[in-house]
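Have the sequence and the 3D view open as you read.

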Amino acid sequence: MVEEGSHAVTKEDPVTVDDTFCEVFSAYFARVLITAATNRWAMESTLEAKGLGRSATLPPSEAFIEREARTTESPDGRPGYILQIADRKRSELDYWLVARIRKGVLPFPTTAVFDAFPQEKVEYSVKIENTPIQLFGDGYEEIADVFGRRVYRIPRIDGFFYVEEKFGVGKGVSGGNFLIMADSQGSALLAGEVALDAIKEIPYVTGRMAASGSKVGGHVYTEAVATTNDAYCPSISDKVKHSEVGSDVNCVYEIIVNGLDLEHVKTAMRVGIEKAKGVRGVRRITAGNYGGKLGSGRIDLRDLVGKQS
């Protein structure tokens, strides 16, 4: 028996991992550290900055909380969270990086924001000069060397807002995914949660769970950018000619993994799949791919977990 909390699977009831792949694509990434005097305000600000960031199919860019940062990692020694922001288009990433900081961080009590992108991966920088962030200071802002960083010190009614003078941007990997197919919503949900907990331990990646499970384009609404992945919807399997859902599957969740490089994304997918397989009720692991419409890169599931699955 393999235990996972109160859930278990036996060797006689293995989970099938399909011989398939997910499509991945290159995107521009920024990585910022948001801090505050207390964890509450750091978290609330990070959630606000993340905003409507779950989907790559609609603006305003994608944004994901990577993890909580240790106070020893923060330039100002305060609690904080690392946020990744990504977009296929450089101009969109540049715009929404500034907008998310201005609307999601600057207004929150005691917050500061620092560049957290690995220097060796930086391709270019987004400068804060002449953006709505600097202009908020109305001429009272100034450049200062504090916390070992070069920052803008912008007056607020609670003191000063410290924001790094520029933020590094580099290419990363988007679109890593696998689908958890289970006999119940409870099993699928738990499998997704333990997978995300494992993914969180891998550096430079983010994991999230989606119930939407979209496909590229649509069969009926052909003008749509993305529509429901009907082949993997148990609720309409009797209506879908090309359904991939068997009679033993009643719920599917998609786990999406993005990151700053391909190897970390692969590692995160592998540990997530292995954890999900250990939850009773999980029947099958597969992946979403769309005939190259999403991305030209690929990650083969069997290469991640071994040929024996």
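## Ground rules

This is a predicted model, so local features need pLDDT of at least 70 and side-chain atom pairs count only at pLDDT 80 or more, while totals for chains, interfaces and linings use all residues. Residues are numbered from 1 along each chain as its sequence is written, and side-chain values use heavy atoms, leaving out hydrogens and water.

## Helix 5

Helices (H or I, at least four residues) and strands (E, at least two) are DSSP runs, numbered from the N terminus. Helix 5 takes in residues 262-277; at 1.5 Å a residue its 16 residues should span 22 Å, and its end C-alpha atoms sit 23 Å apart, which agrees. That expected span is 1.5 Å times one less than the number of residues.

Val265, Ala268, Met269, Gly272, Ile273, Ala276 and Lys277 are its buried residues (under 20% relative accessible area, 1.4 Å probe, protein chains only). Looking down the axis of helix 5, they fall within an arc of 160 degrees (taken from the directions from the axis to the C-beta atoms), so they line one face of the helix.

## Alanine 268

Alanine 268 belongs to helix 5 and, at 0% relative accessibility, counts as buried. Skipping residues up to four places away in sequence, alanine 268 touches Ile199, Ile202, Val205 and Val257 (contact means heavy atoms within 4.5 Å).

## Glutamate 164

Glutamate 164 is part of strand 11, residues 159-164. With 10% relative accessibility, glutamate 164 counts as buried too. Beyond its neighbours within four places in sequence, its contacts include Arg149 and Arg150.

## Helix 2

The 15 residues of helix 2 (residues 90-104) should span 21 Å at 1.5 Å a residue, and the end C-alpha atoms are 20 Å apart, which agrees. Among its buried residues are Leu93, Leu97 and Arg100.

Notes
Buried < 20%, exposed > 50% of the residue type's maximum accessible area, 1.4 Å probe, protein only.
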